[in-house]
Structure formats: structure tokens, C-alpha cells
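Hi everyone. Please have a look at the model on the screen while I talk.

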Amino acid sequence: MERLDILVTYDVNTVSEEGKARLVRVAKICKNYGQRVQMSVFECRVTRAQLEELEAKLLKVIEPDKDSLRIYTLPGGREKCLRTHGQDRYQDFDDPLVL
């Protein structure tokens with residue numbers, strides 16, 4: 001089964017209590033598919049079906065006139081598309097577990 005590395009970024013308007021609640025819901029949804037690498041940025045490794053499911057869930061939560069959602073597909077995977085400077089807390093959960 002083909003897996004895609006994707007980057008999910010969002011900016012949720014939090015001037016209202018409803019906006020703050022949306023922000024929490026968006027983060028929780030993203031956390032179920034990947035890992036947070038910056039405050040509003042998640043890296044995910046998903047199947048095409050999971051990508052469609054993730055996007056549909058996020059689109060039900062955000063308000064397009066107030067919020068922004070971006071989903072980038074990383075061609076060739078994370079390793080070929082990323083240059084990191086500073087702290088990188090990413091953990092590749094596909095790597096072997098060493099005890």
C-alpha cells in the first residue's frame with residue numbers, strides 16, 4: 001500500500017471562543033494522522049484513503065472565511081523534500097524500535 005508524506009498547516013482565527021475550540025479540534029484531528037513539528041504544522045505519512053479522510057474531517061471543522069488550511073504532498077517523501085535547521089523533534093515511526 002502506497003504511503004504519502006504530507007505536510008498539514010493551518011491558521012485558525014482564535015479571536016472568539018468558537019475559534020479557540022476549532023483550533024483545538026483541528027490539532028486533535030491532525031494528531032491522529034501524524035506528528036506536530038511546529039505549532040500549527042503536522043507531518044503525516046498516510047495512504048490516499050487516509051488523506052481523503054483527514055481532509056474531509058478538517059474541512060468540516062474550519063471556517064473558510066476565517067481560517068486557512070494547507071495540505072502539501074511531499075514528492076519523494078519527507079527525506080527528499082526537507083532541510084531542517086535548529087531543533088527537529090520528528091520521529092520516524094516506520095524505523096525499527098531499539099530498546
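Start with Tyr10 and its contacts, meaning heavy atoms within 4.5 Å. Setting aside neighbours within four places in sequence, Tyr10 touches Leu23, Val26, Ala27, Cys30, Arg36, Met39, Ser40, Phe42, Ser68 and Leu69. Tyr10 sits in strand β1. Strands (E, at least two residues) and helices (H or I, at least four) are DSSP runs, numbered from the N terminus.

Is Tyr10 buried or exposed? Its relative accessibility is 6%, so Tyr10 counts as buried. Buried means under 20% relative accessible area, exposed over 50%, and partly exposed in between, with a 1.4 Å probe and protein chains only. Tyr10 and Asp67 are 57 residues apart in sequence, yet 7.5 Å apart in space, C-alpha to C-alpha.

A word on the source. This is a predicted model, where local features need pLDDT of at least 70, side-chain atom pairs count only at pLDDT 80 or more, and totals for chains, interfaces and linings use all residues. Residues are numbered from 1 along each chain as its sequence is written, and side-chain values use heavy atoms, leaving out hydrogens and water.

Now helix α1. Which of its residues are buried? They are Gly19, Arg22, Val26, Ala27, Ile29 and Cys30. Seen down the axis, the buried residues of α1 fall within an arc of 160 degrees, so they line one face of the helix. That arc is taken from the directions from the helix axis to the C-beta atoms. On the other side of α1, Glu17, Lys28 and Lys31 are exposed. The cover over the buried residues of α1 includes β1, β2, β3 and α2 (48-61).
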